[in-house]
Amino acid sequence: MISIQIEHNIVYTVAEGKLTNEDYERLIPLLQEKVRSFGTIRWYFEMKEFEGWSLSAMWRDIKFDFNNLENLERIAMVGDEKWEKELTQLMKPFTKATIKYFSLTEKDEAKNWIKKIEE
């Protein structure tokens, strides 16, 4: 299951359990609409008792990321599992976005980082 909140060009998501194709049926159109509106988006992705993706959901996520290499500006990955931190490192070569991992205890810091305007 995924919960979604939007603030300007920032998409806040909290993933719990296993993400399914139905979750991406809701998420992808919102991400695409924000890309059309703002050009670039920032994505806060919190993983809470996260079990990963169904195969179809993973494919939709990869496809969106690949098709929007230039549109993802910053991604905050927030979780507490070792594999979630490693996933963050694995993503870096496949996007031009700045990606940073935060533990769940640092989620306020992650939210501040995702909003921060570079000077």
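A residue is called buried under 20% relative accessible area, exposed over 50%, and partly exposed in between, with a 1.4 Å probe and protein chains only. The model is predicted, so local features need pLDDT of at least 70 and side-chain atom pairs count only at pLDDT 80 or more, whereas totals for chains, interfaces and linings use all residues. Residues are numbered from 1 along each chain as its sequence is written, and side-chain values use heavy atoms, with hydrogens and water left out. Helices (H or I, at least four residues) and strands (E, at least two) are DSSP runs, numbered from the N terminus.

**The loop between α2 and β4**

- Asn-71 is situated in the loop between α2 and β4, and it counts as buried because its relative accessible area is 19%.
- With contact taken as heavy atoms within 4.5 Å, Asn-71 touches Val-35, Gly-39, Thr-40 and Ile-41, residues up to four places away in sequence not being counted.
- A polar atom of the Asn-71 side chain lies 2.8 Å from the backbone oxygen of Gly-39.
- Asn-71 and Val-35 are 36 residues apart along the chain, and 6.5 Å separates their C-alpha atoms.
- Asn-68 belongs to the loop between α2 and β4 and is buried, with a relative accessible area of 10%.

- Ser-103 is part of strand β5 and counts as buried, at 17% relative accessibility.
- The side chains of Ser-103 and Thr-105 are joined by a polar contact of 2.8 Å. A polar contact is a pair of N or O atoms within 3.5 Å; within protein, one must be able to donate a hydrogen and the other to accept it, and residues adjacent in sequence count only if both atoms are side-chain atoms.
- Apart from neighbours within four places in sequence, Ser-103 is in contact with Val-78, Gly-79 and Asp-80.
- Leu-104 lies in the loop between β5 and α4; this residue is partly exposed, with a relative accessible area of 23%.
- Leu-104 touches Glu-46, Met-47, Val-78, Gly-79 and Asp-80, again not counting residues up to four places away in sequence.
- Between Leu-104 and Val-78 the C-alpha to C-alpha separation is 5.8 Å, although they are 26 residues apart in sequence.

- The buried residues of α3 include Glu-84, Leu-87, Thr-88 and Met-91. They lie on the same side of α3 because they cover an arc of only 105° around the axis, the arc being that of the directions from the helix axis to the C-beta atoms.
- The buried residues of α3 pack against β3, β4 and β5 (98-103), while the face turned away from the buried side carries the exposed residues Lys-82 and Leu-90.
- In helix α4 (residues 107-115), Ala-110, Trp-113 and Ile-114 are buried. Viewed down the axis of α4, the buried residues fall within an arc of 95°, so they line one face of the helix.
- Asp-108 and Asn-112 are exposed on the other side of α4, and its buried residues pack against β2, β3, β4 and β5.

**Residues with positive phi**

- His-8, in the loop between β1 (2-7) and β2 (10-19), has a phi near 55°, a positive value in a residue other than glycine. His-8 is exposed, with a relative accessible area of 59%.
- Glu-49 lies in strand β3 and has a phi near 50°, a positive value in a residue other than glycine. Glu-49 is exposed, with a relative accessible area of 73%.

**The largest pocket**

- The largest pocket holds about 500 Å³ of space. On a 1 Å grid over the protein atoms alone, a pocket is an open set of points where a 1.4 Å probe fits, with protein on both sides within 12 Å along at least five of seven lines; lining residues have an atom within 4 Å of a point. Grid points are joined across faces, edges and corners, and the volume is the space filled by probe spheres set on the points.
- Of the 17 residues that line the largest pocket, Asp-61, Ile-62, Asp-65, Leu-87 and Met-91 are the closest to its centre.
- At least two lining residues each come from β3 (41-53), α2 (55-67), β4 (72-79) and α3 (82-91), and α2 gives the largest share, five residues.
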